Amino acid sequence: MSLKHAVLAALLEGEASGYDLAKIFDVSVANFWAATPQQLYRELERLAEAGLIEARVVEQERRPNKRMFSLTEPGRQDLVAYTTAPPRPSAVRDELLVQVQACDEGDTAAVREFVAQRMETARAKLARYDRLREWMLDGRDEDTYLGEAERVGPYLTLMRGRFFEEENLRWGERALAVLDRRAAARSAAPRAAQRA
């Protein structure tokens with residue numbers, strides 16, 4: 001997947017400025033595609049040049065003028081074509097997992113703290129995703145929402161983000177339990193050797 005398609009998909013929500021799009025990415029797209037505001041602005045320029053989106057200037061009195069971006073018909077057609085191509089398999093590149101892999105030779109206590117920090121990050125993301133879910137449902141139960149909503153893609157990607165963070169928590173709990181058990185066994189071993 002390219003940033004191009006992530007931006008086009010985000011614009012399915014409607015017209016947005018670059019700033020608005022950065023907020024959309026931060027709140028609802030970041031669980032599956034990360035991009036900096038600078039990357040987004042560059043991509044918006046490329047997409048406009050390619051005719052996949054159009055930009056209009058909104059004049060503002062006390063602020064700089066802003067550009068609002070929206071999908072064009074060729075942009076929508078590009079998204080349709082994109083959804084027909086099989087996705088590449090996803091690959092995990094996670095620095096924490098490399099540290100965990102090496103923890104037996106490294107500083108296990110530091111790695112344990114990094115796992116705990118990852119769990120805190122996962123809890124914070126889950127809380128944010130839960131707030132977004134409540135906003136999307138707007139008092140409806142999930143089945144009602146899914147039957148009535150114009151678009152379900154944002155909800156389904158939100159659920160994927162939730163499941164991912166829930167799994168991060170499950171894995172973190174297991175990893176901490178293993179590391180703690182090994183640390184306790186190692187500290188008990190010298191005491192047992194001294195008594196013998």
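Reader: Does Asp138 count as buried or exposed?

Author: Start with the scale: buried is under 20% relative accessible area, exposed is over 50%, and partly exposed is in between (1.4 Å probe, protein chains only). Asp138 has 61% relative accessibility, so Asp138 counts as exposed. A word on the source: this is a predicted model, where local features need pLDDT of at least 70, side-chain atom pairs count only at pLDDT 80 or more, and totals for chains, interfaces and linings use all residues. Residues are numbered from 1 along each chain as its sequence is written, and side-chain values use heavy atoms, with hydrogens and water left out.

Reader: Where is Asp138 placed?

Author: Look in the loop between α6 (108-137) and α7 (142-148). Helices (H or I, at least four residues) and strands (E, at least two) are DSSP runs, numbered from the N terminus.

Reader: What phi does Asp138 have?

Author: Most residues other than glycine have a negative phi. Asp138 is not a glycine, yet its phi is positive, about 50°.

Reader: How many helices and strands does the protein chain have?

Author: Count eight helices and three strands. From the N terminus, their order is α-β-α-α-β-β-α-α-α-α-α.

Reader: Which residues does UniProt list for the PadR N-terminal domain?

Author: The UniProt record, an unreviewed entry, gives residues 7-79 for "Transcription regulator PadR N-terminal". That stretch is 49% helix and 19% strand. Its end C-alpha atoms are 10 Å apart. UniProt also has "Transcription regulator PadR C-terminal" at residues 92-180, again from an unreviewed entry. Residues 92-180 are 81% helix and 0% strand, with end C-alpha atoms 26 Å apart. UniProt positions follow the numbering used here, feature names are shortened, and annotations may be inferred rather than shown by experiment.

Reader: At what angle do the axes of α1 and α3 cross?

Author: Axes are lines fitted to C-alpha atoms, for helices over the stretch in contact, and angles run from 0 to 180 degrees between N-to-C directions. Helix α1 (residues 3-10) and helix α3 (residues 37-49) cross at roughly 85°, their axes coming within 10 Å. The two are therefore roughly perpendicular. The classes are: under 35 degrees roughly parallel, over 145 roughly antiparallel, 65 to 115 roughly perpendicular, the rest oblique.

Reader: Which residues in α1 and α3 meet?

Author: Contact means heavy atoms within 4.5 Å. Leu3, Lys4, Val7 and Leu8 of α1 meet Gln39, Leu40, Glu43, Leu44 and Leu47 of α3. By kind, the residues of this contact are six nonpolar, one polar and two charged. (Ala, Val, Leu, Ile, Met, Phe, Trp, Tyr, Cys and Pro count as nonpolar; Asp, Glu, Lys and Arg as charged; the others, Gly among them, as polar.)

Reader: Is Glu165 buried or exposed?

Author: Glu165 is buried, at a relative accessible area of 4%. It lies in helix α8. Leaving out residues up to four places away in sequence, Glu165 touches Ala122, Lys125, Leu126 and Tyr129.

Reader: What does Phe164 count as?

Author: Phe164, in helix α8 (residues 153-195), counts as partly exposed at 41% relative accessibility. Phe164 and Asn31 are 133 residues apart along the chain, but their C-alpha atoms are separated by 8.6 Å.
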